[in-house]
Amino acid sequence: MTRLHIPQDVTRRAALVGGAAAVAAATLPRPAWAQAARLRKNVVTMPVTEFNAYKHAIQITMDRSNANPSDKTGYLYWASLHDNFDTHAQSGCAHFSERFFPWHRRFLYDFEQVLQNTDPPRTSQVMIPYWDWSVPLAQNALYPAAFTDSASPLYDGTRFNASPPPWDAANLKKLIAEADWPVFAGRPDPANGFGNRTHIGTIEVGPHNTLHNNISGDMSSPDTAVNDPIFWSFHGGIDLAWSRWQKLHKVDGKTQKSLYQAPDAALQFRERCYAVGSITTTDALQYDYDYDFSIDKPVAVAALSTIAPPKTTTVAKAQRLAANHAQFTVAAAPASKAANTLLELTDIKVFADKGYRIELFLHPKAVKLAADAPANSPYHVQTFSMWRWHMDMTTSLYVRLSDAQLADLQNGWVLSLQSHELPKPRRPMANSGMAMAMRASKPLPAVSALVGGISLEVR
């Protein structure tokens, strides 16, 4: 197999600009044979013939880019739509807001159609296989076997972490059970990915960011993520998580559109643009997942009423008690119990040159946590990961505490944060600016400087 080759004098931006002839939405129709819902299958268990057809289609797109980096049906062009950021040309992936899910759903869906049209009829039925990264692999493998064959177009030699763990399945179910859309998916992006004051959802700040960093190499940066073909199956798992949420909470296309707080916001793909509200369910796009959705406990339709835009009635701000490099301890003022009480972490630093992880603990004030308390501690609440971004910025996020945890907080328990810098790539990024930033990277600041504030929001 021939892997994608990026010439030294051809950047992803050049590929995009060179391919600037319109690729209107109308040029990406559903093929005539694809009128019924098609199934994305698990990359670990899918039939060999289907998997080989997928590899064949990926290889063709790579060959096209090797022959002509500006080919709009080549791998490089499609990687550029995600990996390049340009305020004027409106390119780059959508993160840190409710645009995250619909942007990537459309991205995978459109690339899937490119794959289907590479070499019909052999590739006509190709669907991106998903990786269920919440399921441990056999014999403690690091990645599905599909991505470990160095002769395969799905291989990427930049991965270096020794043990990228799967995201805990029980924790993922808990995240999917969250009925509040801004908690699950984030709030609208006020600056289209180029400013501060964003609000990130739990799936993105949890499994998405954590596993991008754990997979490492190309996948550890938004500037190079799609260079590793594991991206497509990994994000198939992210889209599956959203699909699980929609099925669990009985969200149809009309309901999903009403949940977006900014349904008219733009999803930019250079020459193509969609409204956020146009991307709803997998049913609307006529595909689905070969997955047992019954593992998620049914939720009453009435639960969707909690997703309405919040009206803050009480905010109890945290008071900083102590700070050092490893730990930041706060005490929250008592708050009256309400049906929808959320913990909010605000002004969380995001860096262009490093990623890091935050562990949140809730414990009695008299208990002093170890400098590196484990995630299996009885006081552990949640793990958050900040993926390196294309610019320094800040974001915020919500945490849903249980009734018992809220009671502990009101009875004098304190919240502690611990930070851990994540490994940097072992080779310069394709983007020279990013490579320079990596060389000049400063140490991760103390955790007391990473989070601007903590508060309880009672709606």
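**Aromatic contacts**

Tutor: Tyr-75, Tyr-77, Trp-78, Trp-103, Phe-107, Phe-111, Phe-231, Trp-232, Phe-269 and Tyr-274 together make up one aromatic cluster. This is a predicted model, in which local features need pLDDT of at least 70, side-chain atom pairs count only at pLDDT 80 or more, and totals for chains, interfaces and linings use all residues. Residues are numbered from 1 along each chain as its sequence is written, and side-chain values use heavy atoms, with hydrogens and water left out.

Student: What describes a pair of aromatic rings?

Tutor: The distance of the centres and the angle of the planes describe such a pair. Rings of Phe, Tyr and Trp (its six-membered ring) pair if their centres lie within 6.5 Å; planes under 30 degrees apart count as stacked, over 60 as edge-to-face and the rest as tilted.

Student: How many aromatic pairs does the structure hold?

Tutor: There are 32 aromatic pairs. In one of them, the ring centres of Tyr-130 and Tyr-289 are 5.6 Å apart and the planes stand at 80°, so this pair is edge-to-face.

Student: Are Tyr-130 and Tyr-289 buried or exposed?

Tutor: Buried means under 20% relative accessible area, exposed over 50%, and partly exposed in between (1.4 Å probe, protein chains only). Tyr-130 has a relative accessible area of 2% and is buried; Tyr-289, at 3%, is buried as well.

Student: Why is the pair of Phe-351 and Tyr-356 classed as it is?

Tutor: The planes of Phe-351 and Tyr-356 are at 55° and the ring centres 6.0 Å apart, so the pair is tilted. Both Phe-351 and Tyr-356 are buried.
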